[in-house]
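Take a look at the molecule below.

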Amino acid sequence: MAGNGNIQNGGDKMLIFSIIAFSALAVAMVSLIIAISGKHRYYWITAIGIYIFSFIAGFSIGQLTVGLTFIPLALAIGLSLGWIKRKSDYVLSVGVGTVMGVIVVMFVDDYWTFFPFWIFS
């Protein structure tokens, strides 16, 4: 009987993490649509949402999706600092974010990629 309670508890924890992960992904997708439509500050929320989803889903697809974080992050930084003024600047920012994401996925250890979260463990 006690073993079933532990399994149920573990299942509840996994359900909560799944809800948090997919909620973060949903927030990222909605904020991306809002950011593309002209409210550029939402790129920050998109980057944070993808990063949280990547951390929670880290043992499956999170290792690959963390690279996507750098695209809205590059756009958010470029737009916040006024570096993006033309369409070619957007393309350059997306390219820089893509290259940064590939470098992180290929060459950076998970410990350093998700460093802020390891502080809490």
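The report starts with how to read the model and then turns to those topics.

## Reading the model

This is a predicted model, in which local features need pLDDT of at least 70, side-chain atom pairs count only at pLDDT 80 or more, and totals for chains, interfaces and linings use all residues. Residues are numbered from 1 along each chain as its sequence is written, and side-chain values use heavy atoms, with hydrogens and water left out.

## A nonpolar patch

The surface carries a nonpolar patch of about 1100 Å². Among its residues are Val99, Ile103, Met106, Tyr111 and Trp118. Patch residues have over 30% relative accessible area and no salt bridge, and nonpolar side chains (Val, Leu, Ile, Met, Phe, Trp, Tyr) are joined within 5 Å.

Helix 5 (87–107), helix 6 (110–113) and helix 7 (115–118) each supply at least two patch residues. Helix 5 gives the largest share, 5 residues. Helices are DSSP runs (H or I, at least four residues), numbered from the N terminus. Met106 lies in helix 5. Met106 counts as exposed, with a relative accessible area of 59% (exposed is over 50%, buried under 20%, partly exposed in between; 1.4 Å probe, protein chains only).

## Aromatic rings

The whole structure holds 3 aromatic pairs. Tyr51 and Phe114 form one that is tilted, at 5.6 Å centre to centre and 40° between the planes. Tyr51 sits in helix 2 (residues 42–56), and Phe114 in the loop between helix 6 and helix 7, 63 residues apart. Rings of Phe, Tyr and Trp (its six-membered ring) pair if their centres lie within 6.5 Å; planes under 30 degrees apart are stacked, over 60 edge-to-face, the rest tilted.

Tyr51 is buried, at 18% relative accessibility. Phe114 is buried too, at 3%. Ring pairs link Tyr51, Phe55 and Phe114 into a cluster.

Notes
Patch = residues over 30% accessible without salt bridge, like charges linked within 9 Å, V, L, I, M, F, W, Y side chains within 5 Å. Areas by Shrake-Rupley, 256 points an atom, 1.4 Å probe, with all protein chains shown as cover. Salt bridge = Lys/Arg side-chain N within 4 Å of Asp/Glu carboxyl O.
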